[in-house]
Amino acid sequence: MSGVCVGIAGFGYLATQNIVGSVLFAFALLGVVHYKLKLYTGTAGFIAPKEGGYLLQVLFGNILGCLAVALLARASAMPLQDAAQAFLAARLELGPLRGGLLSIGCGFIMTTAVTFARKGSYLPLLFGVPLFIVCGFPHCVADAFYYLTVPLEFWQANLGGILLFYFAIVLGNFVGCNFYRWVMGENP
């Protein structure tokens with residue numbers, strides 16, 4: 001269900017591609033936190049190190065939820081596939097190193113927002129999500145939705161780059177989600 005929430009928010013972002021879309025994207029994290037759903041970036045900074053297998057299950061489930069909404073995006077009359085392709089082409093130009101480094105910022109923001117939400121303060125969710133989008137910090141679940149929305153030809157032409165970039169942002173999001181824990185020696 002987290003992947004569905006992120007996919008719907010990604011659908012809205014591709015439809016607008018502006019600051020309004022960035023703000024509307026906060027719908028995803030509000031839904032995830034309210035319903036206590038498992039999102040990779042909302043879970044990675046809070047689980048025990050031995051639960052890495054569980055975290056990969058969460059990511060896989062998130063990707064499946066994104067796939068369901070990506071199929072809707074492909075059926076839409078809006079030019080969402082073109083928007084996703086342009087967006088991801090720019091992401092791939094960053095390369096995996098820069099993309100992975102930038103994705104640390106997203107993980108940091110997401111853990112901060114979820115920490116506040118778990119304490120009853122939802123305002124950081126409303127600011128944090130648009131912040132990581134305007135900063136260009138990749139989010140592995142949102143990017144999964146965009147990758148699943150692009151035309152098949154994009155995959156065929158960029159498969160190696162997509163896989164390498166995606167691995168880098170999953171890793172970068174994980175680092176950002178755990179930054180508090182590693183620096184402060186505790187869970188947020």
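Modeller: Buried means under 20% relative accessible area, exposed over 50%, and partly exposed in between, using a 1.4 Å probe and protein chains only. This is a predicted model, where local features need pLDDT of at least 70, side-chain atom pairs count only at pLDDT 80 or more, and totals for chains, interfaces and linings use all residues. Residues are numbered from 1 along each chain as its sequence is written, and side-chain values use heavy atoms, with hydrogens and water left out.

Biologist: OK, is R91 buried or exposed?

Modeller: R91 is buried, because its relative accessible area is 10%.

Biologist: And where is R91 found?

Modeller: In helix α6, residues 80-118. Helices here are DSSP runs (H or I, at least four residues), numbered from the N terminus.

Biologist: Which residues does R91 touch?

Modeller: Leaving out residues up to four places away in sequence, R91 touches G136, F137, P138, H139, D143 and F165. Contact means heavy atoms within 4.5 Å.

Biologist: Switching topic: what's the phi of Q17?

Modeller: Near 50°, which is positive in a residue other than glycine. Q17 is in the loop between α1 (2-16) and α2, and counts as partly exposed because its relative accessibility is 47%.

Biologist: What about phi of K36?

Modeller: That one is near 55°, again a positive value in a residue other than glycine. K36 lies in the loop between α3 (26-34) and α4 (40-43). With a relative accessible area of 70%, K36 is exposed.

Biologist: Last one, where is L131 found?

Modeller: In helix α7. L131 is partly exposed, at 41% relative accessible area.

Conventions:
Helices (H or I, at least four residues) and strands (E, at least two) are DSSP runs, numbered from the N terminus.
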